[in-house]
Amino acid sequence: DVIVSLDADFLGAGAGQLRYSKDFGSRRKISTPKDEQNRLYVAEPVPTITGAKAEHRIAVQAHSVHALAAAIAAAVGVAGVSAGSLPEPVAAFAKAAAADLMAHRGKCVAVAGDRQPAGVQILARAINEALGNAGHTVHYTTPITASPADGAASLTELVTAMNEGKVDMLLIVDTNPVFTAPANLKF
C-alpha cells in the first residue's frame, strides 16, 4: 500500500525492474470504488523513473539519505535510532512517510538503493522489521550472485574447464570477458 524509496530506482533499473514495475502498476489501477492506489514516497539525489511516478518526492543529497532514513526509522519505533536534525522540508517528508508506513503495517515497504551504504540498507531493513513487513511485502533471499574471493582465479578456472570440454553452455550477463579478461587467458 505504501512504498518508501531511499534512493532506490526500482522501477527504472536493476534485475527486478520488470517485476517491480508490473507489481507497482497493478496497484495503480482503480477498477471498483473500493480500490485504492498504492502511494510512493521517493527521496533521491537525481531524478529517476521511480521518482517521476511518486506522489511524494524530495530531492536530497546522496549523503543525506542516511539521516532521512534514520528519522523515518525513529518515527516508526526502531529501537536505538534517533532522528537527528533535518531541514524542514526533509523533516516533513520523513514525518509524512513514517505516518503512512505506520498506518499500513505489514502492507508497506522501505527500499534502500543499491548505491546507498550499508547503514542505509540496515535502516531500511530495520524499518521493515519494525512494521512487520518481513514475510508479507518483504521476502529476504540469498544474493543472486556471489563475488568470488579472487575474480581472476575464478575466470582462470572457467577457461580451463572450457578448454577441457567440461562446459556445455555459458551464459554471460552484463559483461564482456572477451574484452575484459586478461589476454594470456585466451578467452
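Let's start at Gln-116, which touches Leu-6, Asp-7, Ala-62, Val-65 and Gln-121, leaving out residues up to four places away in sequence. Touching, or contact, means heavy atoms within 4.5 Å. Before going on, keep in mind that this is a predicted model, where local features need pLDDT of at least 70 and side-chain atom pairs count only at pLDDT 80 or more, while totals for chains, interfaces and linings use all residues. Residues are numbered from 1 along each chain as its sequence is written, and side-chain values use heavy atoms, with hydrogens and water left out.

So where does Gln-116 sit? You'll find Gln-116 in the loop between strand E4 (108–112) and helix H5. Helices (H or I, at least four residues) and strands (E, at least two) are DSSP runs, numbered from the N terminus. Gln-116 is buried, with a relative accessible area of 8%. Buried means under 20% relative accessible area, exposed means over 50%, and partly exposed is in between (1.4 Å probe, protein chains only). The side chain of Gln-116 also makes a polar contact with the side chain of Asp-7, at 2.9 Å. A polar contact is a pair of N or O atoms within 3.5 Å; within protein, one must be able to donate a hydrogen and the other to accept it, and residues adjacent in sequence count only if both atoms are side-chain atoms.

Now look at another glutamine, Gln-37, in the loop between helix H1 (17–26) and strand E2. Gln-37 is partly exposed, with a relative accessible area of 37%. Setting aside residues up to four places away in sequence, Gln-37 touches Asp-1, Arg-27, Arg-28 and Ile-30. A polar atom of the Gln-37 side chain lies 2.9 Å from the backbone oxygen of Arg-28.

Next, find Ser-5 in strand E1. Ser-5 is buried, with a relative accessible area of 1%. Apart from neighbours within four places in sequence, Ser-5 is in contact with Phe-10, Tyr-41, Val-42, Ala-43, Thr-50 and Val-111.

On to helix H3. Val-65, Leu-68, Ala-69, Ala-70, Ala-71, Ile-72 and Ala-73 are buried in H3. What do the buried residues of H3 pack against? They pack against strand E1 (2–6), strand E2 (39–44), helix H4 and helix H5 (118–130). Take Ala-69, one of the residues in H3: at 0% relative accessibility, Ala-69 counts as buried. Not counting residues up to four places away in sequence, Ala-69 touches Leu-6, Val-120, Leu-123 and Ile-127. After H3 comes Gly-77, whose phi is positive, near 100 degrees.

Finally, how do two helices meet? Two packed helices are described by the angle between their axes and the distance between the axes. The axes of H3 (residues 65–75) and H4 (residues 88–102) come within 9 Å and cross at roughly 40 degrees. Axes are lines fitted to C-alpha atoms, for helices over the stretch in contact, and angles run from 0 to 180 degrees between N-to-C directions. H3 and H4 are therefore oblique to each other, since angles under 35 degrees count as roughly parallel, over 145 as roughly antiparallel, 65 to 115 as roughly perpendicular and the rest as oblique. In the contact itself, Leu-68, Ala-71, Ile-72 and Ala-75 of H3 meet Val-90, Phe-93, Ala-94, Ala-97, Ala-98, Leu-101 and Met-102 of H4.
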